[in-house]
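Visitor: I would like to learn how to read charged pairs and backbone angles in a model. Please start with a helix.

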Amino acid sequence: DFASRELGLPDNGSYRKYADLGRPYVVWNVFATDELSIEPREWCFPIAGCVSYRGYFAEADAEAFAAALRAQGNDVHVAGIAAYSTLGWLDDPLLNTFMHYPEIELARLIFHELAHQRVYAAGDSEFNESFAMAVEVAGVRRWLAREGSDAQRAAFASAQRRRDDFASLVLKYRDALDAAFRGDADAAHKRAEKARILSELQAEYRALRDGVWGGYSGYDRWFGQEINNAVLASIGLYHQRVPAFEALLAAEGGDLPRFYEHVAQLARLSKDRRDAELARAVASATARR
């Protein structure tokens, strides 16, 4: 009700009914890159267009596809996904895969998935996910201002600062890898640079955790997995363009319907023009500071 009434998100049958899928995730997504690239591979489908991952309803099928990609020399990452949007073609249900989330995280997820129903650019996963991330954060802030307690607002602010720190850290090293891979060095040198950069990422995370975060270990599990190009690419899809969308929302004075219309106009442009407009939004916001 809050999402449709206060955030201008679709008011339909989504998240009005419950379904138990009998499994921990609704889908398992496979992300893949070349060994010496951070550009995610794409797969194309009817309606959804091209996306930077391939989803499976059975974990075994996802792992089998991932194994085949690894055998070809790719960097691969398999991630369990708690929810996804059918873009308004169907009424998406509340699922057992995320109903156990704390209240704030449940609100985050619903706002995020409904944002996909509001605006979607076929073939541009980075645009779509970053837009939905910006909407979820703006939505939770407004929801907490109306419905939350002081303790909830403080907890969200702390968690969001850590999320932002995490995204900035990962994107910093993703960009460092990209620069190394685009250089003129031979493959052996690039592999050595890749190992060095990923090692430095781990070291800087530990310093962040033990310093600024005061020992908060909530991201230890993420950093405990095998981190490769595909893992970093998956984070980039969700966070790379968030500052641009936040700048667009601020430029619209926080008016969400006007923001959605602006984003919808961008979604109708070519990807190159879209990216240029988003870059311009960040540059304008930086210049005003």
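Guide: In this predicted model, where local features need pLDDT of at least 70, side-chain atom pairs count only at pLDDT 80 or more, and totals for chains, interfaces and linings use all residues, Arg280 and Glu277 both sit in helix 11 (residues 271-288). They are 3 residues apart, about one turn of the helix. Helices (H or I, at least four residues) and strands (E, at least two) are DSSP runs, numbered from the N terminus. Residues are numbered from 1 along each chain as its sequence is written, and side-chain values use heavy atoms, with hydrogens and water left out.

Visitor: How far apart are the closest N and O atoms of Arg280 and Glu277?

Guide: Side chains of opposite charge can pair when their charged atoms come close. Here the closest N and O atoms of Arg280 and Glu277 are 2.6 Å apart, and the two form a salt bridge, defined as a side-chain nitrogen of Lys or Arg within 4 Å of a carboxyl oxygen of Asp or Glu.

Visitor: Which residues are linked in a network of salt bridges?

Guide: Such a network links Asp124, Glu126, Arg241, Lys271, Arg274 and Asp275.

Visitor: Now the backbone. What is the phi of Tyr15?

Guide: Most residues other than glycine have a negative phi. Tyr15 is not a glycine, yet its phi is positive, near 60 degrees. Tyr15 lies in the loop between helix 1 (2-6) and strand 1 (18-19). Tyr15 counts as buried because its relative accessibility is 9%.

Visitor: Where is Leu87, and what is its phi?

Guide: Leu87 is in the loop between strand 6 (75-81) and strand 7 (94-95). Its phi is positive, about 60 degrees, although Leu87 is not a glycine. With a relative accessibility of 21%, Leu87 counts as partly exposed.

Note on methods: Buried < 20%, exposed > 50% of the residue type's maximum accessible area, 1.4 Å probe, protein only.
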